[in-house]
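Here's a protein to get to know through a few questions and answers. Take a look at it first, then read on.

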Amino acid sequence: MKSGIIKFKLVTAIAFMVLSSIGCKAQKAATQAIFSKGELGPAENFTGKAWHTTLVASDSIYNTLVGNVYFEPGARSNWHTHPAGQILIITDGVGYYQEKGQPRRTLRKGDVIKCPPNVMHWHGASADTGMQQLYILPKTEKGIVQWLQPVTDEEYNNSN
Ligand code: MN
């Protein structure tokens, strides 16, 4: 009788551990949002779903634009350039950043990227986990972004 109770406790404990790990995984894939999801980015500039919200609109005092993008799993920007560069701050999830001619880099929560002016690049989520990123665009008087061609599946999957 006693061993029956111990067996029951053991089964319950194992079931709890399995369910907890599934719960953690589901939470990880969803990513933690700090800011509102905002608007869906246009299909002409993004593959998959990328949600964008402006946090600081540019004005004549700061000439700086700050916003948040949530890339759903598999979503990414087209190739593009920023006339005055861009700073990316990853706040959750897993994603990628690649400059033309360079290997694709994996990004995780806490990573900071300085993307130099006029360097062709793309950013987006990993295939399995979305990515939350803050972006800072300085010197907006020089322009914001020049959109180029989509990132092909081959380019997206090439980890080099
Ligand atoms: Mn960019």
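Q: Why does strand 10 (residues 121–125) count as largely enclosed by the rest of the structure?
A: First, a word on the source: this is a predicted model, where local features need pLDDT of at least 70, side-chain atom pairs count only at pLDDT 80 or more, and totals for chains, interfaces and linings use all residues. Residues are numbered from 1 along each chain as its sequence is written. A residue is buried if 20 or more other C-beta atoms lie within 10 Å of its own, exposed if 12 or fewer, and partly exposed in between, with C-beta atoms placed from the backbone. Strand 10 is largely enclosed because the number of its residues that are buried is five of the five.

Q: In strand 10, which residue is the bridge partner of tyrosine 96?
A: Strands pair if DSSP finds at least two bridges between them, and strand 7 and strand 10 are joined by five, running antiparallel. Within strand 10, tyrosine 96 has as its bridge partner glycine 124.

Q: What order do the elements of the protein run in, from the N terminus on?
A: Helices (H or I, at least four residues) and strands (E, at least two) are DSSP runs, numbered from the N terminus. The protein has two helices and twelve strands. Reading from the N terminus, the order is α-β-β-β-β-β-β-β-β-β-β-β-β-α.

Q: In strand 11, which residue does asparagine 68 stand opposite?
A: Asparagine 68 faces a residue of strand 11, namely leucine 134.

Q: Is leucine 88 buried or exposed?
A: Leucine 88 sits in strand 7. Two residues are in contact if their C-beta atoms, placed from the backbone, lie within 7 Å; leaving out residues up to four places away in sequence, leucine 88 touches Tyr97, Ile113, Cys115, His123, Gln133 and Tyr135. Because leucine 88 has 20 C-beta neighbours inside 10 Å, it counts as buried.

Q: Where is asparagine 63 placed?
A: Asparagine 63 isn't a glycine, yet its phi is positive, near 45 degrees. With 14 C-beta neighbours inside 10 Å, asparagine 63 counts as partly exposed. Its place is in the loop between strand 3 and strand 4.

Q: What is the phi of lysine 139, roughly?
A: Lysine 139 lies in the loop between strand 11 and strand 12 (146–147). It counts as partly exposed, with 15 C-beta neighbours inside 10 Å. Although lysine 139 is not a glycine, its phi is positive, at about 50 degrees.
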